[in-house]
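Biologist: Hi! Could you put the structure up and talk me through it, chain by chain?

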Amino acid sequence: MFRVMLYSQWKWSRLIVLLGSVAGFALPLISVHGAARADSSPLQAPELLHAVQSWGVLYPVLAATLGLLVAIASWTPDHRGRHVYALVLPVPRWRYVLLRFGAGALLLAAPITAVLVGALLATSSAAIPAGLQGYPVALAVRFALAVLVAFAVFFAVSAGTARTAGIVLALIGGVMLVQVIANVARVDLDLVGKLQLLVLNWPGPLAIFTGRWMLIDV
Amino acid sequence: MFEHLNPRSPIPLYEQIANRVRLAVASGELRPAAALPSVRQLATELRVNPATVVQAYRDLEGEGFVEMRQGAGTFVREVAPQARARERARQAAALVREMLAQAGRLGVSRQELQAAVTEEIGVGAP
Amino acid sequence: MTNAIEIERLCYRTGRTFEIKDLDLHVPQGAIYGFLGPNGCGKTTTIRLMLGLLRPLAGRITLLGSAVPHDVAAILARVGFVPEQPHLDPMLTVRETLAFHAAFYPTWDRPWAERLRVQFALPDDQLFGRLSKGQKGKLMMLVALAQRPELLVLDEPTDGLDPVVRRDVLSALLEYVSQRQATVFISSHLVHELERFCDWIGVMDDGRLIIEVPMERLKNGIKRLRIGGTPATADNAPFVLLAREPANGTGETWLVREWEPHMATYFDGPGVSLHEVIDLDLEEGFVELLRSFRSPRP
């Protein structure tokens, strides 16, 4: 069952996965060699760090994009068929969802591996100045986690009906409304700030996206 | 052979099928030991319920026209000429009954009908 | 005889109006059950509730002996379903679609699926999304048949298909039923098609099942009677009076149900006579039946 699910998943997301893999492979290489000068003099630490940091911003973007697009591709055939054939297959709903998730996650191994390979290649092929170190594996692992977290979040949202999406939006709207009322009543309540802290800072799930993505660091 | 099957007719389909076979046997169109289409074949071809075909064949078997052999199919039996003649007579009577009923509905009198029959068939013609 | 499908006092609503109210339905095992009803009366909703795609408000549904929606996944392995709208993955080719379903159904018959594919002339490498409407319909029926189900639930399987495709699809269905004692539940408004092979008929209108009888009884039981004279009431009649109206001249035309020939004696009496008993085919009968249910009884 998993094999046919994986195959159908592949058919829907192969373009995304391939492009993502190319991007994932290229990003570490560009971020390191983008700092190289035209006269091929050795890399300077400040410039290298600057290049790595600025290009590094694209890792979370790529992770979130891959997660989003593969999640959408996971549920498109069901949405198209009005969920009928999934609900009529002789497997419990939870198992079906698990099969889809597993298939998507497995396909995402490709761009993750691409990032790992690119990062290893980038750090080994460049002459890193003294005092700095390459962290290709750490970067790849972080990328992997970010991709999977994004995929999980968007997968859950895509799996839902319009009603669940509505509930989610209503909740967000409710929080906003409470905040506005609190502000007007001059009550010291920073809901949005607290939520942000909760979700984006460790050990919140989305903390993985924040901060600097440094392939090469001190 | 079963092209004139009419699902809209009040005569049940199994009766229509059985009737057609009876006629074919009586007229000699179906010879003894001829194989009738299998239940599956006929149901598929005519797009009717297989139970309908089974009922038709069972009725025919009960009347002695066919024999259903397990695993082999349904075959026409040797029917005595008197039996065949009886069947033809039965069919003819049914035809006439229907004609009379129709005539009644249309308002055609018996004499008019008689005249028309004589005219169409031809007095003394074979 | 056990029922393949049993529905008791089913209620369902979306919004404020009750779409299905107190529906009772019984499909005997091995029967070919035709589900008739005008558009929008709730046939598709009933089917969705039957298969556990929707949750009812009240009522009990039993499919092949098990309760829905508790053990749905296990039961669905034995049920072949053809929905109204094309539901298969548009990105898979015909061959890939068959492979996909083969993985989910332990009873899948690969050689037969291939024979049907050839019989239906479905190109192996064509994407489902690119097939014509007729080809989609054929593939959906193929997928439902190849799993060799005990029960087939078909929601307007031939709707919008040309006559040649309709024949192919129905022939394949009846061939399967000949081989295996499967139960078929087929919803359609192509009455003449159902007339050929259904042995049970359920007529639905306005969220309720108004009639559920063997086909022959319905077809042969609905008659139009031309009556001379004006009988008073029909309270103790052996048949069911659906409608009566005056005919030109003296006399009336009655529309009745559950008629049997011996009932002609009911009209033996002074001043009243039965002139003619007119047969109605299923479609006419169905239309008259609906009409009589919607307007007040005489």
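**Helices and domains**

Modeller: Let's start in chain B, where helix 1 passes helix 3 in a right-handed crossing. Right-handed means that the near helix is turned clockwise from the far one by less than a right angle. Helices here are DSSP runs of H or I with at least four residues, strands are runs of E with at least two, and both are numbered from the N terminus.

Biologist: Before we go on, what kind of model is this, and how are chains and residues labelled?

Modeller: This is a predicted model, in which local features need pLDDT of at least 70 and side-chain atom pairs count only at pLDDT 80 or more, while totals for chains, interfaces and linings use all residues. Residues are numbered from 1 along each chain as its sequence is written, and chains are lettered from A and ligands numbered from 1 in the order in which they are written.

Biologist: Thanks! At what angle do the axes of helix 1 and helix 3 of chain B cross?

Modeller: They cross at roughly 45 degrees and come within 8 Å, with helix 3 covering residues 50-63. The axes are lines fitted to C-alpha atoms over the stretch in contact, and angles run from 0 to 180 degrees between N-to-C directions. Helix 1 and helix 3 of chain B are therefore oblique to each other. For that wording, angles under 35 degrees are roughly parallel, over 145 roughly antiparallel, 65 to 115 roughly perpendicular, and the rest oblique.

Biologist: Which residues make the contact?

Modeller: From helix 1 of chain B they are B:Leu13, B:Tyr14, B:Ile17, B:Ala18 and B:Val21, and from helix 3 of chain B they are B:Thr52, B:Val53, B:Gln55, B:Ala56, B:Asp59 and B:Leu60. Two residues are in contact if their C-beta atoms, placed from the backbone, lie within 7 Å. By class, the residues of this contact are eight nonpolar, two polar and one charged. Ala, Val, Leu, Ile, Met, Phe, Trp, Tyr, Cys and Pro count as nonpolar, Asp, Glu, Lys and Arg as charged, and the others, Gly among them, as polar.

Biologist: How is chain B divided into domains?

Modeller: Domain 1 of chain B is 13-76 and domain 2 is 81-121, with bounds from an automatic or database domain assignment. Their C-alpha centres lie 27 Å apart. Five residues of domain 1 of chain B are in contact with four residues of domain 2, and the domain 1 side has three nonpolar, one polar and one charged.

Biologist: What about B:Ala33, is it buried or exposed?

Modeller: B:Ala33 counts as exposed because it has 10 C-beta neighbours inside 10 Å. The cut-offs are 20 or more other C-beta atoms within 10 Å for buried, 12 or fewer for exposed, and in between for partly exposed, with C-beta atoms placed from the backbone. B:Ala33 is in the loop between helix 1 (13-27) and strand 1 (35-36) of chain B, and its phi is near 75 degrees, a positive value in a residue other than glycine.

Biologist: Switching to chain C, how many of its residues touch chain B?

Modeller: 18 residues of chain C are in contact with 13 residues of chain B. Helix 6 (163-179), helix 7 (191-197) and helix 8 (215-221) of chain C each give two or more residues to that side. Helix 6 of chain C gives the most, with eight residues. The chain C side has five nonpolar, five polar and eight charged residues.

Biologist: And what is chain C built from?

Modeller: Chain C has nine helices and 14 strands. Domain 1 of chain C is 3-214 and domain 2 is 223-279, and 40 Å separate their centres, taken over C-alpha atoms. Of the 298 residues of chain C, 42% count as buried.

Biologist: Last one, chain A! Where does A:Val218 lie?

Modeller: A:Val218 lies in the segment after strand 2 (216-217) of chain A. A:Val218 counts as exposed because it has 8 C-beta neighbours inside 10 Å. Leaving aside neighbours within four places in sequence, A:Val218 is in contact with A:Gly131 and A:Leu132. Chain A itself has eight helices and two strands, and buried residues make up 33% of its 218 residues.
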